[in-house]
Amino acid sequence: MAISPHMFTTQRRRPSSESFIPPKFTDINLLHSLLHITNQISSFNPTNLLLLKRSSSSVVHKAKLLNVLFKDLVRNSIPLCSNSLILCFEEMYIVLHQIKTLIEDCIKGSKFSLLMQVETVADTFHILTRELSTLLDIFPVQELDLNHDLFELVILIRKQCYESKIVVGKEERELRNDVVLVIERIKNEIVPDKSNLAEIFSRLEIRDSSSCRAEIEALEEEIQNWIDEQSKSEIVALIGLVRYTKCVLFGASTPSPSKEIQRRKQPSEVVVPADYRCPISLELMQDPVVVATGQTYDRDSIKLWMDSGHNTCPKTGQKLTHTELIPNLALRNMIAIWCREQKIPFEVEYVNGKLNCRLTNKAALKATKMTALFLVDKLKYHEDVSDSSNEDLNGVVYELRVLAKTDSDSRACIVESGAIPLLVRYLSIDVGLHNPSLQVNVVTTILNLSILEANKTRIMETEGALNGVVEVLQFGATWEAKANAAATLFSLTGVAAYRKRLGRKTRVVSGLIQLARCGPVGARRDALAAILHMAADRETVGKLVEGGAVEMAVEVMAALQEEAVAILEAMVKRGGLVAVAVAYAGIKKLGVALREGSERARESAAATLVTMCRKGGSEIVAELAAIPGVERVIWELMAVGSMRGRRKAATLLRILRRWAAGLNGVESEGFTTTLTSSSIVVVPTSNLVA
């Protein structure tokens, strides 16, 4: 069939002069700048380009000729006598800067993207050359008093620019059409011929897994530079093609251990700005929404709060006049930009109840399905669990891990291909002993799959999946495996029913608490996040208190203050008198958090102490009052804390003053009674010991 040049929309825009404002030059600076930019263009080697060699060679050649002219003008300190000459040179600088940008884009950008736009980019080279020709036509050469050779040089450059033509090679057009055909076949669910793919990728000099990864990264970078959704969608189709071909032609691959460790550490070591964290979960917000009071929360966290029966704003305590959640798009865009700068994946699953996959494209979706099926089929060949030391197997699982990290469509395709039961076989202790990297890749793949809401059910319903994840949490061969098992449990607890089910498992509770106590910082944060999620359920809190979560939170408060204080707040709020009694030992540490912690830690510490004083009575209040300078700290929080922090601090101050005045409560037969506005709470004093 004939291939239309419009089957694949061109996306690369011409470098805009409006987006580049040149500085105000003096005569000498202008000439030096022109000399410098022509030097830069002349330094490019067009032979390194696979595409558009003739177009780029032509403009580089003209830049070299102009460089001779500017070098002579600078050397002889020729003055720029008229405004028309200065204006001409300034305009020339802008055009040369656009040429330089375009060449850099061709050299550093995606090969596939450049190929699909080869005609447009060639046309852009031609337009810029003609603009240079126009400037040379009006160039007042007589004002510079040039020698004969330079005068002839200007005439030569002018002529060459005027005679410039759009040049696109026949081979480039044919290669472009071949790629379009492959994409069309994928759309129609026709598996591409391997030899055809091999020829296309060879001609683009993409000949191994590493060059495929570089091409995917270049295409993903280009997505960020486009606003038009259609153009972005077509780039996604190219990504799907490259990802599929990488697996089919070059096989699965795994990065070096050092790289993998570095990639894992980076997100956990980044300090998330306070405004980007949800006030409930203290985690980076993925889908910030605004409630009736004007406060912003992560959608999952505030929805969980409302589903638990609350009708007030967690931060202000005000009653919510309605339950509508309005997306905070401005904040979401700011978070997305920050995540991109920090190299942290950022994707939201639902916006206004609609699935918000990163971008969808029929060819990309079909390519993703083919990739998932190909990898899962390879996984089926390794049915013998004792074969876990096989590096080919590890490579296949790693490719599934990477694919599951990309977007929602990929996660859905992998699960639909039947991957979960096959992956579960490699979560055992034996696999961890023989191939720790495989165990990490398997549990991380399951973690990535669990991000999609529908996959949570598939994971929980797959026989052995939950037990396998818990086994890795308790006995994983590496800290990374344990941390990712904890993160998987955190993801699964996003569903209220699963939170209850997980909370009833002693192994889950003990595994998370143990990891939070003795793991590295990143792993401890993952465990604490899972515990905090589970603490949203009153029944589960009882199991956490029994398992020692309160004591653990007190122990780790010095190292992970915000997370530990948030857990204590949830525990004493829903855990009853037993939780308050156990938390008694942490009052002094809560006082430290109240004095030295972050705004969020101080707020949570104040809320925790208010709950403990109300439930625990005079023994608790006396212990708090014994902290040196505590009243001054409370006054300070009332002055500069958050709205909720100021409110809790005011309540705490009233409790202390009532206690000091003897109005707080009375001792009676070994019990402390605490009067509140609505009830009397009785606490056995024998439990309230340090």
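The crossing of H21 and H22 is left-handed, meaning that the near helix is turned anticlockwise from the far one by less than a right angle (clockwise would be right-handed). This is a predicted model, where local features need pLDDT of at least 70, side-chain atom pairs count only at pLDDT 80 or more, and totals for chains, interfaces and linings use all residues. Residues are numbered from 1 along each chain as its sequence is written, and side-chain values use heavy atoms, with hydrogens and water left out.

Helices here are DSSP runs (H or I, at least four residues), numbered from the N terminus.

| Helix pair | Angle | Axis distance |
|---|---|---|
| H21 (465-475) and H22 (479-492) | about 135° | 7 Å |
| H21 (465-475) and H24 (506-518) | roughly 30° | within 9 Å |

That angle makes H21 oblique to H22, whereas H21 and H24 are roughly parallel. The cut-offs are under 35 degrees for roughly parallel, over 145 for roughly antiparallel, 65 to 115 for roughly perpendicular, and oblique for the rest.

Who touches whom (heavy atoms within 4.5 Å)? On the H22 side, Ala481, Lys482, Ala485, Ala486, Thr488, Leu489 and Leu492 meet H21 residues including Leu466, Val469 and Phe475. That contact splits into 10 nonpolar, 2 polar and 1 charged. Nonpolar covers Ala, Val, Leu, Ile, Met, Phe, Trp, Tyr, Cys and Pro; charged covers Asp, Glu, Lys and Arg; the others, Gly among them, are polar.

H21 also passes H24 in a left-handed crossing. Asn467, Val470, Glu471, Leu473 and Gln474 of H21 make this contact with H24 residues, among them Arg507, Gly511 and Leu515.

Now for the gaps. The whole structure has 4 cavities of 30 Å³ or more. On a 1 Å grid over the protein atoms alone, a cavity is where a 1.4 Å probe fits but cannot get out, a pocket is an open set with protein on both sides within 12 Å along at least five of seven lines, and lining residues have an atom within 4 Å of a point. Grid points are joined across faces, edges and corners, and volume is the space filled by probe spheres set on them.

The second largest cavity holds about 40 Å³, and H25 (521-534) gives the most to its lining, with 3 residues.

The second largest pocket has a volume of about 890 Å³. Of its 41 lining residues, Trp305, Glu569, Lys573, Arg574 and Arg644 are the closest to its centre. H31 gives the most to that lining, with 8 residues.

Technical notes:
Axes are lines fitted to C-alpha atoms, for helices over the stretch in contact, and angles run from 0 to 180 degrees between N-to-C directions. Helices (H or I, at least four residues) and strands (E, at least two) are DSSP runs, numbered from the N terminus. Contact means heavy atoms within 4.5 Å.
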